[in-house]
Amino acid sequence: MEATDAKVALIDKAFGQSNLTDENTNFIDTSIITEKLPVGILVCSLNNANAIEAHYLNSFAAEIFELPDNKKQFPLSIQTLWPHEDNYVLCNQIHDTFETGKHGSFEWRITLKGATHFLSSQLIPLSGKNGRIHQVICTIEDQTAEKMAEKNLLHHAFHDSLTGQPNRVLFRNKLEDAVNECERNEAIVGCAVFIINIDRFQQVNESFGHSAGDRFLIAMASTLRRCISGSDILARLSGDEFAILVPSFESLDEIKAISDTIHDAIKAPYDLDGNEIYTSVSIGITTTLSSDGHPEDLIRDADFAMHQAKSAGKARSEIYHRASHHKARSQFHLETELRRALERRDLELYYQPIVDFKTGDIVALEALTRWNHKDRGFVSPVEFIALAEETNLIVDLGRWALDEACCQINNWADVAVPINVNVSGVQFARDDVKTVVANTLDHHKINGDMLRIELTESAIMANPTVISESLQFIRDRGIKIALDDFGTGYSSLNYLHQFPLDVIKIDRSFINKLEWDNDPYKILQMIGMLAHNLGLETVAEGLEDPEHLAMLRGMNFDYGQGYYYSPPLPADAITPMLTDKPSWKK
């Protein structure tokens, strides 16, 4: 602004006098000054018909107007200088200055030979001795380069540099406009948001490199663009995630049709450097009919639905349902509270007796984690154990349970009853279980024969080689290994000789269906005989019916566990069973 004001002052001074003199009092033509200025100069007046005429134009301005030398014969009409229909901006501003006698500034543009020039001007009125405005000086600066740079900067601020599609910021702005229009226009049923994620895109990067991955994304953007109408908005939100805005629809059938079109189009192979690439996408969809109208909520809900599509097997679309989201949010809060419960040691181990069929004595106790939530009451282990496995909390939870069980073993040192501790397959995968077990035993100064480790078939299937090595190390410390939920998997018999096992625990689903000479009865007979021949101990879980007890004794099963004897109880309730005669022996 200071540089422009200086130019104006110089011009005003130049044209406010007829000439300037140097220190030697020699006269200098003012046109020399204006020709040297880095700004266009146009001097104009009004003729008798109140039309604007140009009296002077310096070379800088002549270049802007692309005025040939043979047309520089002044005065000349503004129409001659600039014979275009859009010169009314300049003309109106000049007329205003003649009428008001005030300085003015404005921006305008001209189109010459198909190219648009963005100009900035200031108007300086020149008055005579009578005070009447007789001429106006118009400065002209060409700001085309600056305007184009600003335009490019603005484009990059709102568009993805790789695909050229709108980015998250522009997509959100367009979504906000669409939501507002839906609220104003009752004829519009609603607008819809698609979040699209490329399945297995990371494999493309890893197999062919990131440069090829970029070309793949460009091709994907092109494919998606062909699947939607001109009024719909396609955006790239991040990495391999795109979004589509359908600003208005009349029925959900339209939304489903777009989804089907996308899946069909994506099935076609992509040619990537001579390699045929097949892929699929997972799509989450939400509309203003099912989600809150706020743009961020719509994007969030569509993203949630997309992750549901991923979890359900990929290559599919899921429409957002509020109930599912509320459940997920509840799980999120539950995760936070589980973390706090672990930190505060608000969890508790309950114990369920494992009883000798022949003597009725308690031969071991299974430790089961219980969470008594201050607001929700007892939270089902099925719920929070699965949550712990999903969030990696299972490592801390498993370590806590092992340490707590070993503390209790010392508390019950006089009765010397082993405790079974469950170890999740996820914990085996994410933690050094064998070292944790060894260190915990050493810390509490406990012999290995007082501890038993239980794991399920699914845990073994997750990483059989690593788990087999860990189990052998644990077993070498004198700890017995129990295979829990036996019979629910597909390869149980293989595990009996491939892994270092000591005990098999028959799943309650077999016990519940047990009747004289039915199929479960025959299967259990075979399992009892097999386990006996292999030297394995057998435990029947979920035992409630005394008739089942008689059947299992006849099959040479060793032990039973279930509500027939006792539900899982806190340690202080179990202690009398260990020191006195339990109720089932009385």
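Residues are numbered from 1 along each chain as its sequence is written, and side-chain values use heavy atoms, with hydrogens and water left out. As the model is predicted, local features need pLDDT of at least 70 and side-chain atom pairs count only at pLDDT 80 or more, whereas totals for chains, interfaces and linings use all residues.

Helices (H or I, at least four residues) and strands (E, at least two) are DSSP runs, numbered from the N terminus. Five strands form an open sheet in the order S10-S11-S9-S14-S15, with mixed pairing; two strands pair if DSSP finds at least two bridges between them. Strand S10 (233-238) and strand S15 (317-319) are the edge strands, each pairing on one side only. On average, neighbouring strands of this sheet are turned by 20° against each other, direction ignored; axes are lines fitted to C-alpha atoms, for helices over the stretch in contact, and angles run from 0 to 180 degrees between N-to-C directions. Strand S9 (residues 190-198) and strand S14 (residues 281-287) run antiparallel and are joined by seven bridges. Within this pair, phenylalanine 194 stands opposite isoleucine 285 in S14. Helix H11 (residues 295-311) packs on the sheet, where it touches S9, strand S11 (241-249), S14 and S15. The direction of H11 makes about 145° with that of S14. Contact here means heavy atoms within 4.5 Å.

In helix H13 (residues 381-391), the buried residues include Phe384, Leu387, Ala388 and Thr391. These residues cover an arc of only 100° around the axis, which puts them on the same side of H13; the arc is that of the directions from the helix axis to the C-beta atoms. The face of H13 turned away from the buried side carries the exposed residues Val382 and Glu390. Buried means under 20% relative accessible area, exposed over 50%, and partly exposed in between (1.4 Å probe, protein chains only).

A search of the whole structure finds 22 salt bridges, a salt bridge being a side-chain nitrogen of Lys or Arg within 4 Å of a carboxyl oxygen of Asp or Glu. One of them joins arginine 172 to glutamate 296, with the closest N and O atoms 3.0 Å apart. Arginine 172 lies in helix H7 (residues 168-184) and glutamate 296 in helix H11, so this pair ties together parts that are 124 residues apart in sequence. Glutamate 296 counts as partly exposed, at 38% relative accessibility.

Glutamate 454 and lysine 505 also form a salt bridge (2.7 Å, N to O). Glutamate 454 is in strand S20 and lysine 505 in strand S22 (residues 503-506), 51 residues apart, and both residues are buried. Glu366, Glu454, Lys505 and Glu541 are linked in a network of salt bridges.

A further salt bridge is formed by glutamate 537 and lysine 480 (2.5 Å, N to O). Glutamate 537 belongs to strand S23 (residues 537-540) and lysine 480 to strand S21 (residues 480-486), 57 residues apart. Glutamate 537 is buried, with a relative accessible area of 17%, while lysine 480 is partly exposed at 27% relative accessibility.

Arginine 452 lies in strand S20 (residues 451-456). This arginine is buried yet has no salt bridge, and the nearest side chain of opposite charge, glutamate 537, is 4.1 Å away. Lys and Arg count as positive and Asp and Glu as negative, while His and the chain ends are not counted. Leaving aside neighbours within four places in sequence, the contacts of arginine 452 include Val363, Pro418, Ile479, Lys480 and Glu537.
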